Amino acid sequence: MFVRYFVELPLAHEIVAERLEADPQSWLPPIAGSASEDGEALLAEVGFGERPRIARRVVVETGTVAHLGGTTVLPFTWMASSGAALFPRLAADLEVAPILPTRTQLAISAVYEPPPGLVCRAADGALLHRVAEATLKDFLERVATRLAERAGDERPASVSG
Amino acid sequence: MELASEHDLSAILRRIVELAVQLTDARYGALGVLGANGGLSDFISTGVTDEQRAAIGDPPHGRGILGLLVSEARPLRLRNIADHPSSVGFPPNHPPMRSFLGAPVSARGSVFGNIYLTDKQGAVEFDEGDEETLVVLATQAGVAIENVRLLEETERAHERLRELSVLEDRERIARELHDGVIQSLFAAGMSLQGAAAMTDDANLAGRIEGVVTDLDRTIGDLRNYIFGLRPGLLADRELDRALRDLAEDFQERTGIVTVVEVQPATAAAISAEAGDVLQIVREALSNVGRHSGAETCRLVLRQANGIATLEVDDDGAGFGSASVEGSGLPNLRARAERIGATLAIDSSGNGTTVRLEIPLLR
């Protein structure tokens, strides 16, 4: 299933790209873990099983950042240690592209496999997809906040989707 | 003077030395080409036998009188070499030499080496005419050396440009795939997802979702290509699963009952080649679906004696050698070779077996 979402950062593309490239394997997995935890809770709230007492571990692997024209792309995968999670497997690109000299778009293009066993009816699939969208929206906003906060900013820059 | 290589240059320089010896009645002649480190990169001599050359050992180091030809960059004519204050003598086993005529080998202000003649025959020393002749020949040698060096430099520059061009092409293709093809596929996938959600027809929704899954995989392949990712990061445990998914999809699409026997440890052992292995299996299954008329198919991955063996076999009609070229099998072979594997195809009226053998101990 496909999900795409974006936010804007009031920062120059070079700054955001530099922060995105700075050791993403150290900061991206915890963000994915937190977003996943909230996603699982939301999943339980809409009726798919119970909220797990212990958060499932999320394994994130980042690839090598690519510069494609003016866009900086960080590919990564996100896998849950348990197959019953919201995203048993998700492959995504975090993309940073300039809009204005001091305005940058941060986008996520993700493809995920729905959890086997959870989707029995089409309506369930649609609901599950909405939860997936909400989770990735939350994830991207956390990433945006992280990128805006880095390098000693006095206060987090606002983000807008 | 046309030059294409160092080999041509050596032949020309040898001809120049021989000509110089011949035109000046010298007994011995030699030409040394300076290398990048200041030593000689090439040394050509005439008049000295192979045995003498072997007995002398290393070619001149360019000290003494020979060094003067390079450092002062002008011709030098001597009645007796030993009388010159810069003379350093001869190494052991060197034939005695007396009269000397030498000139720098240069072109457009750069000195590339020296050419010299010894032991004028029929006279006690070389004359002015000999010197003029040698200077002309030295100039020709200089031009020849310069031409080859320019040629080499031009080839290196072209090679750098070609490499740059390939890199630029790769980047352009990656950009076009990412910003164009992937975005289009992504949009098509999202649109189909929306369509699937709008229908109450479970069968139709299922078929649309099948297409969405195919698009998802295609996007995955393209991303792997662009980012140089292993097919599906975490491929160690992904190949096993990917092979099973592939077989399941195949069975669903074609109705051919497909049995999978994959050793997870073997799948993990060949994870570095996962992309090519998957592509080979995909192509082999595609052939089964299109050409075999089979009812059952088997996908096996196991290892023995340090070799992982992957087999796709079916109980179909098989195919004659005439249809092999059109079945994508040459592509499979090429892909197998790329990962150091061998591909064998056994096809008869009882079915076809595609066998890929990948050495594990490399």
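In what order do the elements of chain A run from the N terminus on? Here the answer is β-α-α-β-β-β-β-β-α, and the views below take it from there. Keep in mind that this is a predicted model.

**View 1. Chain A, element by element.** Chain A has three helices and six strands. Of the 161 residues in chain A, 51% are buried. Look also at which parts of the chain touch each other: among contacts between residues at least 6 apart in sequence, 65% join residues at least 24 apart.

**View 2. Where chain B meets chain A.** On one side of this interface sit 24 residues of chain B, in contact with 28 residues of chain A. Between them, the two chains bury an area of about 2300 Å². Carbon and sulfur atoms give 62% of that buried area.

View 3. Zoom in on D93(A) and R223(B), which form a salt bridge. Their closest N and O atoms are 2.5 Å apart. The count of salt bridges between chain B and chain A is one. Polar contacts turn up here too, with five residue pairs found across the interface, both partners at pLDDT 80 or more.

**View 4. The side of chain B that touches chain A.** Which elements of chain B give two or more residues to this side? They are α4 (128-198), α5 (202-227) and α6 (235-254). The largest share, ten residues, comes from α4(B). Sorted by class, this side of chain B has eleven nonpolar, five polar and eight charged residues.

**View 5. Helix α3 of chain B, tucked in.** Why is α3(B) (residues 64-71) described as largely enclosed by the rest of the structure? Six of its eight residues are buried, so there is the reason. The buried ones are G64(B), I65(B), L66(B), G67(B), L68(B) and L69(B). What do they pack against? Their partners are three strands of chain B, namely β3 (76-78), β4 (100-107) and β5 (110-120). Follow the chain just past α3(B) and you reach A73(B), which takes a positive phi of about 50°.

How values were computed
Residues numbered from 1 in each chain as written. Chains lettered and ligands numbered in written order. Predicted model: local features only at pLDDT ≥ 70, side-chain atom pairs only at ≥ 80, totals over all residues. Heavy atoms only, no water. Contact = heavy atoms within 4.5 Å. Buried area = accessible area lost by both parts, 1.4 Å probe. Salt bridge = Lys/Arg side-chain N within 4 Å of Asp/Glu carboxyl O. Polar contact = N/O pair within 3.5 Å; in protein donor to acceptor, adjacent residues only side chain to side chain. Helix = DSSP H or I, 4+ residues; strand = E, 2+ residues; numbered from the N terminus. Nonpolar A, V, L, I, M, F, W, Y, C, P; charged D, E, K, R; others polar. Buried < 20%, exposed > 50% of the residue type's maximum accessible area, 1.4 Å probe, protein only.
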